[in-house]
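Dear colleague,

I am handing over the structure below, and after it you will find my notes on what was found. Please read them with the model open beside you.

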Amino acid sequence: MFDIIVVGAGTAGLSAAIYAVRAGKSVLLLEQKNYGGQIINTPQVENYPGIKQISGYDFATNLYEQAIALGAEIEYEKVIKIEQKQGEKQVVTKDKSYTCKSVILATGSKNRQLGLEREEQLTGAGISYCATCDGIFFRGREVAVVGGGNTAVEDAMFLSNYCSKVYVIHRREGFRGEEKQLEALREKENVEFVLNAVVTDITGEEVLERICVEDKKTGEKRELEVSGLFVAIGQEPENSYFADIIQLDQQGYIVADESCQTNREGIFTAGDCRTKKVRQLATAASDGAVAALAACEYIG
C-alpha cells in the first residue's frame, strides 16, 4: 500500500514525487520507458527560472536523483488500468498490481512527428518541437516551421525575432491559426510562406543541413538550406488507458484546471497530459507541486 502512485517520471511526475515525499507520504513512480520525459533530449535548457543553463539530461537526472534520495520508489512498468476499490485505487501494470490511496497521472504527451528518415537522429541537432525552448540557439540563421495551427504561427513569429529567415511550410493554402496573428506574421520581411507543400526529406550527418519540400499540386521539389526545423503539427497525449475512469477531452487530454483535480475523487493530473494552454518545463514542475499537495490534502 502506497499513499500516492505517480504515473510518469517526467518533470511533472518527478516534481510531484518530490513534494509528496517531503510531505511525509510514501510514493511510487511508475514509468514505462526512462525517467525524464521529453526534456531529456533537449541539448540546452535556458528558460527554467533559477538555472542559467543546463542540459535536459542533467536537469532530468537531478530531478530523478532528488526524488529517489528523498525516498520515492520507482518501477519501470507500463500502466494499463486504474480501478477504484472501496476507496482505494488499484493501479494495474502489464505484470503487477499496486494499491494506493491517491493517483497522480503525469503521463505527458509526445510530439507528433513528420515520420521522415533520420528525424529522430537529428532531433536536438537541428530538429526541434519547441521554438520557445530552442529558438534562441538559431539566432541569425535560417530556419523552417512546419504546421498550420496557432502553435506554428506563434513559433514562426517568435523565431522571426531572432532568425535571419523563417520559412513557414504548410500542407494547405489556408491556416487554422488566428487571423490576427497571421496578418502580423505576413508583415514580417524575413518570413516566407511555402504553402500546399510538405517536407519530404531531411539531410545532415551530425546536424541538420537542408530539407526538401515538395509542392502537393505541381510535384515540384525545392531544397531549403536551413539550420533549424521546428515541427508544430500537434501533440499526442497517452491517456487512452484511463478513458474508462476519468474524463478526457476530444483530443485525449485529461480534463483538469489549475487545481489538477480530475473528475474522479482521489485522482489528480499534472503536466502536458492535461488540458492547458502553456506546456513548458516550468509549468510541468508547477503542476507536479500542485497535484502532489492536492493529493496529500485528499489523503489527510
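Tyr-35 is buried, with a relative accessible area of 15% (buried means under 20% relative accessible area, exposed over 50% and partly exposed in between, with a 1.4 Å probe and protein chains only). Please keep in mind that this is a predicted model, in which local features need pLDDT of at least 70 and side-chain atom pairs count only at pLDDT 80 or more, while totals for chains, interfaces and linings use all residues. Residues are numbered from 1 along each chain as its sequence is written, and side-chain values use heavy atoms, with hydrogens and water left out.

The structure holds 6 aromatic pairs, where rings of Phe, Tyr and Trp (its six-membered ring) pair if their centres lie within 6.5 Å, and planes under 30 degrees apart count as stacked, over 60 as edge-to-face and the rest as tilted. One of them is the stacked pair of Tyr-35 and Tyr-64, with 4.3 Å from centre to centre and 10° between the planes. Because Tyr-35 lies in the loop between strand S2 (27-30) and helix H2 (56-70), and Tyr-64 in helix H2, the pair ties together parts that are 29 residues apart in sequence. Helices (H or I, at least four residues) and strands (E, at least two) are DSSP runs, numbered from the N terminus.

Two rings also have a charge over them, which requires NZ of Lys or CZ of Arg within 6 Å of the ring centre and within 35 degrees of the ring normal. The charged end of Arg-186 sits over the ring of Phe-193, 5.9 Å from its centre, and the charged end of Arg-279 sits over the ring of Tyr-253, 4.2 Å from its centre.

Next comes the sheet. An open sheet is formed by 5 strands in the order S8-S15-S9-S10-S11, with parallel pairing (two strands pair if DSSP finds at least two bridges between them). S8 and strand S11 (191-195) stand at the edges with a single partner strand each, so one side of each is left without a neighbour in the sheet. Strand S9 (residues 142-146) runs parallel to S15 and is joined to it by 4 bridges, with Phe-230 in S15 as the bridge partner of Val-145. Further along, strand S10 (residues 165-170) is joined to S11 by 5 bridges, again in parallel, and Val-168 stands opposite Phe-193 in S11.

Finally, the helices. The axes of helix H1 (residues 11-22) and helix H6 (residues 281-299) come within 7 Å and cross at roughly 40°, where axes are lines fitted to C-alpha atoms, for helices over the stretch in contact, and angles run from 0 to 180 degrees between N-to-C directions. That makes H1 oblique to H6 (angles under 35 degrees count as roughly parallel, over 145 as roughly antiparallel, 65 to 115 as roughly perpendicular and the rest as oblique). Helix H4 (residues 150-160) and helix H5 (residues 179-186) pack at an angle of about 30°, with their axes 10 Å apart, and H4 and H5 are therefore roughly parallel to each other.
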